[in-house]
Structure formats: C-alpha cells, structure tokens
Amino acid sequence: MIIFKSKNTFEGQLYDEKTIFTIRQHWFVIFIYILTFALLITLPFFIYYWVNKFLFDNLTYKTQYLINEVFKLFSTFYSLIIYLGFFYSLMRYILTIMIVTNKRVIIIYQEKFFKYERIEAPLNKIQDISIIINGLLATFLNFGNLEIQTAGAITKFKFIFTANPIKIKYKIMEEANKYLKI
C-alpha cells in the first residue's frame, strides 16, 4: 500500500490546513499499463519476422527493399503512437491523487492532457464511505473503489483502484471524527 505522509503544500491549501496523507491508485494499475505497452511495442518485430520468413522467398530484391522501407516508416509511426499512449497513461497515473487533510478530502483526476477534475469534500460533510472490492484479483491484491457520500453539492464521488481501501476508509473517518470534535 502506498500512503505518502506529506508535509508539503498543494495548490488551494487553506491557511491552517495540514496534509495528513496522500494516496495514488494501486501499483497494479501502472503494472497493467506497462505490460500492455510492452506487448504492443514488440508487435512490429513479430510482424517483421513473419513477413521475412514466409513472404520474402518469392520476391525480388527491389520489392523486398521497398517493403522493408515502408515497414520501417509504419513501425516508426506505430512506435510513436505507442510511446505517446504510454506517456499519457503514466501521466494519468501520477497526477491522479487523493489528498486527505485535517479539514477536507480532495480527489484530483487527470482526465486528459490538459483537463483535470478536482473534487473536494469538507470532513464535516462526509456522511458515509463505501468500499467496493470486486473480483478475486482485487481481493488478493487488496485494492478497490472508495465511494464517499457527502451532504454537499456533489453527493457521491469515487476514487477508483485504491490500495488498501478499508484502511483508507478508517483513516478518513478518524480524521473526520477529529475534525468534528474540534
């Protein structure tokens, strides 16, 4: 479980607000991205091997050269698209974060390159926190979704693929109880 204790500030932090912890999505999310892109980046090599093994036997040298050059061009564009997709996935993983302070819960979703959504809920407005752990893999690796029910304008919001959601729920509820006692 990745819980980052932080003494750092963040944009929009209130004067007397202290960061209790920040959390990102479970490491399995980025692992799936890396695995997927690693398989996709090797695809042109397998295609090139298959074309060389089965199709080049009956072709002239000039035709083989032309096919090689066209393949290099398409492979370059394909690799560029795959690298951009990987960068996009990595950026979304790194910039999607939940911040719990002594006054509120802030969830920042990076949706696109230049679009993010920031949802905030004061601790005194949190009514309930639900946990959804769906499937064998999620149970085994201990990740799930947190749904925070509030009494504000946005009544329910989620933080998906949270590492150790039960522990996070109790930490948020503990901070909410501390805030209400002040």
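Two strands pair if DSSP finds at least two bridges between them. Helices (H or I, at least four residues) and strands (E, at least two) are DSSP runs, numbered from the N terminus. This is a predicted model: local features need pLDDT of at least 70, side-chain atom pairs count only at pLDDT 80 or more, and totals for chains, interfaces and linings use all residues. Residues are numbered from 1 along each chain as its sequence is written, and side-chain values use heavy atoms, without hydrogens or water.

**View 1. An open sheet of three strands.** The strands lie in the order S6-S7-S8, with antiparallel pairing. Strand S6 (126-132) and strand S8 (156-163) are the edges, each pairing on one side only. S6 is joined to strand S7 (residues 143-150) by six bridges. In S7, Ile148 is the bridge partner of Ile129.

**View 2. Helix H1 against helix H2.** H1 (residues 27-54) and H2 (residues 61-95) pack at about 175 degrees, their axes 10 Å apart. Axes are lines fitted to C-alpha atoms, for helices over the stretch in contact, and angles run from 0 to 180 degrees between N-to-C directions. H1 and H2 are therefore roughly antiparallel (over 145 degrees).

**View 3. Helix H4 and its two sides.** H4 (residues 165-181) has 17 residues. Its buried residues (under 20% relative accessible area, 1.4 Å probe, protein chains only) are Pro165, Ile168, Lys169, Ile172, Glu175 and Ala176. Seen down the axis of H4, they fall within an arc of 130 degrees, so they line one face. The arc is that of the directions from the helix axis to the C-beta atoms. The face turned away from the buried side carries Tyr170 and Lys181, both exposed (over 50%).

Terms used
Parallel < 35°, antiparallel > 145°, perpendicular 65-115°, else oblique. Expected span 1.5 Å × (residues − 1).
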